[in-house]
Every structure is written in C-alpha cells, then in structure tokens.
Amino acid sequence: MIQIKWLARGGQGGFTASRLLGLAAVKKSGGYAQAFPTFGPERRGAPVYGFTRIDDKPIRDHSQIYSCDYAVVLDETLLDAIDITAGMAAGGTLFINTALDYSGRKIAKGVKWVTYNASLDAMRILGRNIANTAMMAVLAAHTGLTDPDAMEAAVRESLPKNQIDPNIKIIREVYEKVRGGYTEAETAANASSGEKAAAGDFKVKDKPVMAAGFRYPATEKELPLGPSCQAGIFLEGNAGWRTRIPVVDHQKCIKCMICWTLCPDGVIDRNIHIDLNFCKGCGLCAHECPRKAIVMTEEAK
Ligand code: SF4
Ligand code: SF4
C-alpha cells in the first residue's frame with residue numbers, strides 16, 4: 001500500500017488533489033484507492049490535511065494516515081508550524097511547492113525532498129494560486145503512481161466544467177517539464193541532511209521577488225486583515241459547510257458499533273446517536289453500516 005499526505009490551507013485544493021490522485025492511480029493501474037480529509041478550524045486559510053491510500057487490494061483501513069511514503073505541501077508557510085515529515089517512512093519523499101532554494105535547509109533525517117514552484121505555473125495557466133493539480137503532476141512524474149492520461153481522465157470526471165481544460169493543461173505541462181528538463185548538476189545539488197534526492201529531482205534557484213518598498217510586518221497589528229475572526233467569535237457547532245447528514249434507523253440497527261468505531265470525528269455515541277453539531281457529513285458511517293441502518297440525506301439549510 002502507498003500512503004500519501006497532502007498539507008494545504010483551506011481553499012487551496014489539498015483534499016481535491018488527494019481525491020484526484022486516488023482516482024488517477026486507479027485509472028492507470030486498476031486496484032483501489034481511498035481519499036479523505038481532516039480539517040482544522042473551519043475557515044478559509046486554516047491547515048487542512050488530505051490523505052490518499054493506493055493499493056492493488058481492497059483497502060479496509062479507514063484510519064488517518066500517520067506514516068506515509070510521500071507528502072506534498074501546497075503551502076510552505078505551514079512547514080514552520082507543522083512537522084509533515086513526522087512518521088514518514090524511511091526513504092520517503094517530501095514534495096514542496098515553493099519558490100525558495102531549500103538546499104541549505106535541514107529536512108528530517110532519511111527524508112528526500114523535491115521543490116517545485118507550482119504556484120508560478122498556477123498563476124500563469126489558471127490565473128490563481130491553486131497549485132494542487134500542478135503538484136499532483138510533480139508527484140506523478142517522480143513516482144509513477146499515475147500518468148497524464150489517467151490524470152486527465154480523473155480531472156474530466158471530477159472537476160467543474162470550467163476548470164477542466166486549464167487543469168489538464170497545467171498537469172501535462174508540469175509533468176513533461178519535470179520528466180524532461182533537469183540537469184545532472186541540479187540533481188546532484190538537490191540533497192539535504194545527507195539525503196540525495198531521487199534521479200530527476202531538481203531545485204528552483206530563484207528567490208521570490210518582493211514589490212518595491214515591501215517589508216515584513218514588524219508586529220501582528222500590522223498584519224493585513226484576513227478571512228479569520230477573533231478566537232471565540234463562533235459559538236455554534238463547527239459543521240456549517242456540510243451538505244448531507246446521516247440519519248439512523250434504530251429499528252434496523254443491531255449495535256455492531258462499526259459506525260462508532262469508524263467515524264473519523266468521533267461524533268457517534270454508544271447509543272448510536274450522532275452529534276450533528278460536529279458531524280462533517282463524510283458518509284463513512286452510512287457506507288460501512290452492514291445493515292444499511294444509516295442513510296445520508298440532504299441537509300435542510
Ligand atoms: S454500523 Fe449500522 S448496525 Fe452497526 S451500530 Fe452503526 S448503525 Fe447500527
Ligand atoms: S457522516 Fe457519519 S462518519 Fe462522517 S462525521 Fe458524520 S457521523 Fe461521523
């Protein structure tokens with residue numbers, strides 16, 4: 001089984017990338033895939049994990065991924081706060097979307113790393129900094145987990161109509177660039193903490209260019225107004241973005257506790273009552289219930 005972690009901020013498409021990769025891997029090689037997120041605070045900009053499992057056998061493990069083979073970071077500012085390499089398998093590879101040169105940095109021992117400025121391609125091709133499909137192409141080009149035709153098929157099946165063509169374009173361009181264009185010198189230089197990156201790895205040498213007169217804020221009061229609110233302002237439950245809710249038929253339920261065991265948010269109690277203030281509507285409980293005693297229904301807003 002191959003396990004991949006995606007780290008992004010809300011709105012950057014980390015979960016979408018985890019789903020697209022799983023689908024594209026199955027389209028390339030058959031087999032099975034699983035993709036799911038964990039969310040932090042429910043607001044745009046908060047850290048979000050996406051997880052992808054790929055195997056040639058049915059996947060029964062629905063737990064969060066702790067030890068992964070690959071990790072992909074869509075927003076490198078999260079690296080200061082979150083140790084994405086924790087639990088990473090020896091020889092695992094970390095893929096970072098960045099314009100910075102990482103060659104002087106310490107990455108966790110035993111972890112290879114690859115940098116790619118996917119935001120640059122995203123701005124050029126998509127017109128916005130959503131680098132998820134570009135980083136999926138980087139991962140695919142290095143690992144062979146999937147290929148451009150399968151990624152195109154996954155995009156056609158999953159993304160809204162207006163996003164299909166530009167995302168196929170970025171996937172194909174980035175994949176070809178990564179597969180084709182890096183010199184031996186760049187490959188050799190891309191090593192850190194004694195770990196040599198895999199053949200074909202590369203680094204981006206350009207430093208980010210700041211606008212004239214730019215300076216970093218000296219205090220938090222100078223930070224620009226963001227989308228988040230002062231802590232404590234939200235007093236309601238945290239499931240406002242959900243579109244479907246699970247409904248339990250207690251006549252059918254045999255108290256096998258499978259849903260209780262598998263609910264990723266732990267919101268089902270021992271009497272199989274679901275706390276809808278915190279259920280995120282993922283549908284895992286309904287999918288796994290052997291008696292079909294839980295059904296997902298549209299949530300009335
Ligand atoms: S999985 Fe289904 S049958 Fe088992 S406890 Fe949950 S609702 Fe009841
Ligand atoms: S839909 Fe079911 S499994 Fe998912 S969070 Fe809600 S109760 Fe838990």
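Author: Helices and strands are DSSP runs, numbered from the N terminus. The model here is predicted. Now take I272. I272 lies in the loop between α7 (258-262) and α8 (284-288).

Reader: What is the phi of I272, and what makes it worth a note?

Author: The phi of I272 is positive, about 60°. Yet I272 is not a glycine.

Reader: Is I272 buried or exposed?

Author: Count C-beta neighbours. The cut-off for buried is 20 or more other C-beta atoms within 10 Å. I272 has 20 such neighbours inside 10 Å, so I272 counts as buried.

Reader: Which loop holds K292?

Author: K292 sits in the loop between α8 and β10 (294-298). K292 is not a glycine, but its phi is positive, about 55°.

Reader: Let us turn to helices. How many residues does α1 have, and how far does it reach?

Author: Helix α1 runs over residues 14-29 and has 16 residues. From its first C-alpha to its last, α1 reaches 23 Å. At 1.5 Å a residue, 22 Å is expected, and the span is close to that.

Reader: How many residues of α1 are buried?

Author: Of the 16 residues in α1, 13 are buried. The helix is mostly covered. Take G14, which lies in α1. G14 has 26 C-beta neighbours inside 10 Å, so G14 counts as buried.

Reader: What follows α1?

Author: G30 does. The phi of G30 is positive, near 75°.

Reader: How do I describe two packed helices?

Author: Start with α1 and α3. Their axes lie 9 Å apart, and the packing angle is about 40°. That angle makes α1 oblique to α3. The crossing of α1 and α3 is right-handed.

Reader: At what angle do α1 and α4 cross?

Author: They cross at roughly 125°. Helix α4 covers residues 148-158, and its axis comes within 8 Å of the axis of α1. The two helices, α1 and α4, are therefore oblique to each other. The crossing of α1 and α4 is right-handed.

Reader: How far apart are the axes of α2 and α3?

Author: The axes are 8 Å apart. Helix α2 spans residues 118-126, and helix α3 spans residues 132-143. They pack at an angle of about 130°. That makes α2 oblique to α3. Here, α2 passes α3 in a right-handed crossing.

Reader: Which residue can I look at in the loop between α2 and α3?

Author: Look at N129, found in that loop. N129 has 14 C-beta neighbours inside 10 Å, so N129 counts as partly exposed.

Reader: How far is N129 from Q12, in sequence and in space?

Author: In sequence, N129 and Q12 are 117 residues apart. In space, C-alpha to C-alpha, they are 7.8 Å apart.

Reader: Where is P37, and how far is its C-alpha from that of C282?

Author: P37 is in strand β2, residues 32-39. The C-alpha atoms of P37 and C282 are separated by 9.4 Å, and the two residues are 245 residues apart along the chain. P37 is partly exposed, with 19 other C-beta atoms within 10 Å.

Reader: Where does A89 sit?

Author: A89 is in the loop between β4 (70-73) and β5 (93-97). With 14 other C-beta atoms within 10 Å, A89 is partly exposed. A89 and G110 are 21 residues apart along the chain, and their C-alpha atoms are separated by 8.4 Å.

Reader: On to the ligands. Which residues are closest to ligand 1?

Author: The closest are C253, C256, I258, C259 and C289. In total, 13 residues surround ligand 1.

Reader: Which residues come nearest to ligand 2?

Author: C263, C279, C282, L284 and C285 do, out of 13 residues around ligand 2. The shell of ligand 2 divides into nine nonpolar, two polar and two charged.

Technical notes. Residues numbered from 1 in each chain as written. Chains lettered and ligands numbered in written order. Predicted model: local features only at pLDDT ≥ 70, side-chain atom pairs only at ≥ 80, totals over all residues. Near = placed C-beta within 6 Å. Helix = DSSP H or I, 4+ residues; strand = E, 2+ residues; numbered from the N terminus. Expected span 1.5 Å × (residues − 1). Buried ≥ 20, exposed ≤ 12 C-beta atoms within 10 Å, placed from the backbone. Nonpolar A, V, L, I, M, F, W, Y, C, P; charged D, E, K, R; others polar. Axes fitted to C-alpha atoms, helices over the stretch in contact; angles between N-to-C directions. Parallel < 35°, antiparallel > 145°, perpendicular 65-115°, else oblique. Left-handed = near helix turned anticlockwise from the far one by under 90°.
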